[in-house]
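Me: I have a structure to go through. Can we take it topic by topic?

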Amino acid sequence: MKCLLALIALLFSLTLADYPLYIDELGDLVSDADERMLDVLDDDEFTPRSQLKSQFDEILNRQSPAVQTAYQAIVTREEAERMSKDMRKSQKYQARGLDSIYQQVLSIESDLSLSENQVKQQTRDLKRQLN
């Protein structure tokens, strides 16, 4: 049972990352002023991510076509890597009977109406339900 709880804790911690906004990736490509604005967005744990995405999109749309193309290439690569990892994780957790929990975590993470804080809280709540 301890092993199962440790596995579930690891599952929750590994799924929380830059997805779905990829703010840091643009921050590496822009001017200092825009980078500071992106840092503020990236650190915001309480605003719904849909609002953060709107602000992020405004910053992205101000960038040159070269920066936008470079950013899109980075996101495309990272999305492919994330999807590949998600498939492997799903198969691994399915073999352990935890696939539905993993799918619930992915659903929570992709819900842009939630803030980062709400995502963390809902995944903690899901973990508590298992105890």
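**Charges and helices**

Reply: Helix α3 (residues 32-43) contributes the most to the negative patch, with 3 residues. Helices here are DSSP runs of H or I with at least four residues, numbered from the N terminus.

Me: Which residues form the negative surface patch?

Reply: Asp-24, Asp-28, Asp-39, Asp-42 and Asp-43. A patch takes residues with over 30% relative accessible area and no salt bridge, and like charges are joined within 9 Å. This is a predicted model: local features need pLDDT of at least 70, side-chain atom pairs count only at pLDDT 80 or more, and totals for chains, interfaces and linings use all residues. Residues are numbered from 1 along each chain as its sequence is written, and side-chain values use heavy atoms, with hydrogens and water left out.

Me: How many salt bridges are there?

Reply: The count comes to 9, a salt bridge being a side-chain nitrogen of Lys or Arg within 4 Å of a carboxyl oxygen of Asp or Glu. One of them joins Arg-62 to Asp-34, with the closest N and O atoms 2.7 Å apart. Arg-62 lies in helix α4 (residues 49-62) and Asp-34 in helix α3, so the pair ties together parts 28 residues apart in sequence.

Me: Is Asp-34 buried or exposed?

Reply: Asp-34 counts as buried, at 10% relative accessibility. Buried means under 20% relative accessible area, exposed over 50%, and partly exposed in between (1.4 Å probe, protein chains only).

Me: New topic. Which residues are linked in a network of salt bridges?

Reply: Arg-77, Glu-78 and Glu-81. Arg-77 and Glu-81 are 4 residues apart in helix α5, so about one helical turn separates them.

Terms used
Patches are made of residues with over 30% relative accessible area and no salt bridge: like charges are joined within 9 Å, nonpolar side chains (Val, Leu, Ile, Met, Phe, Trp, Tyr) within 5 Å. Accessible areas come from the Shrake-Rupley method with a 1.4 Å probe; for residues, only the protein chains shown count as cover. Lys and Arg count as positive and Asp and Glu as negative; His and the chain ends are not counted. The place of a charge is taken as NZ of Lys, CZ of Arg, CG of Asp or CD of Glu. Helices (H or I, at least four residues) and strands (E, at least two) are DSSP runs, numbered from the N terminus.
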